[in-house]
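Me: Could you walk me through this model, one question at a time? I have the sequence and the structure open.

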Amino acid sequence: MTALGLLHRRPAGRALVPPVAPRPRPATVASVLESAAGSIPGPRPDNQDAALAGDRVLAVADGVGGNVGGAVAASVAIDRLRQLPDTPGDEPGMRGAVVAAISGIGAVVAARAELAGMATTLTAVALTGDARLVVAHVGDARAYLVRAGSICRLTRDHTFVQGLVDAGAISEVQARTHPLRSVVLRALHGSPGDPAQADVSTHAVEPGDRLLVCSDGLSGVVPAEEILRVLAAEKHPADAVTRLLRSALGAGTRDNVTAVVADVVIGGCGSPAPPAVVGALPPAGRMA
């Protein structure tokens, strides 16, 4: 799949990190998300990440490395979330969104036998009408919340290395360089048992909070303290995304890098802005 910058536009020139344009401020009457997203292949020849930045829903999918069709699986999952008719308003609604992504992957596998075995991680967050954040998580992409100068991780990695950290066998610092750090224990394959793989949780949010959803190409090499410094230093989500991508490159990431940054803000009146999709594109004909 082709690696793309924000809104499916290739970066100009030879810049390592493409410019990241902010989405227009969404105009709604309640709290909304003012968001931006960016995705780059990093040192890899292709990009198997895909992401969505909307005024109510954010998501990152990372095709499972080494599996055939990882980019397809990730892009189809994000495209299904993009096409949701309504924002998930609670945990059952978010589980329904995950099922929609799974169904999309399964449909592609059924139509294209050569893609059997493809899989993706998925981390998605939805802002509800009553100022709650519903999070669905499968794999090793992460969701963070920043408030009052502190950063809180909202997800737990479904990885072999995270199990070692939880058991006290290694530290978070050691996990970043562990030889098995890329072994993912949960992913979406488009199969009937996939919905049980998702962790779903609900968190309170308030205007002024900042959210980050990112792939492990960022969180696996840049410590949370540095991520917090970047998110606290940059006023606009698009600028924060650009700096985070550069931080991952500077830290020597060996993977695709994707980041979605959003601020919880009070909207105005009018129509919501369309969501931005970055990274791998879904199979031809699925963007309609």
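Me: Which residues lie nearest the centre of the largest pocket?
Reply: This is a predicted model, where local features need pLDDT of at least 70, side-chain atom pairs need 80 or more, and totals for linings use all residues. Residues are numbered from 1 along each chain, and side-chain values use heavy atoms, without hydrogens and water. A pocket is an open set of points on a 1 Å grid where a 1.4 Å probe fits, with protein on both sides within 12 Å along at least five of seven lines; lining residues have an atom within 4 Å of a point. Of the 41 lining residues, those nearest the centre are D140, R181, D216, S219 and G220.

Me: Where does N256 sit, and is N256 buried or exposed?
Reply: N256 belongs to the loop between α7 (237-250) and β10 (257-266), where helices (H or I, at least four residues) and strands (E, at least two) are DSSP runs numbered from the N terminus. Buried means under 20% relative accessible area, and exposed over 50% (1.4 Å probe, protein chains only). With a value of 2%, N256 is buried.

Me: Which backbone nitrogen lies 2.7 Å from a polar atom of the N256 side chain?
Reply: On one side, the backbone oxygen of P41 is 2.9 Å from a polar atom of the N256 side chain. The backbone nitrogen at 2.7 Å from a polar atom of that side chain belongs to Q48.

Methods
A polar contact is a pair of N or O atoms within 3.5 Å; within protein, one must be able to donate a hydrogen and the other to accept it, and residues adjacent in sequence count only if both atoms are side-chain atoms.
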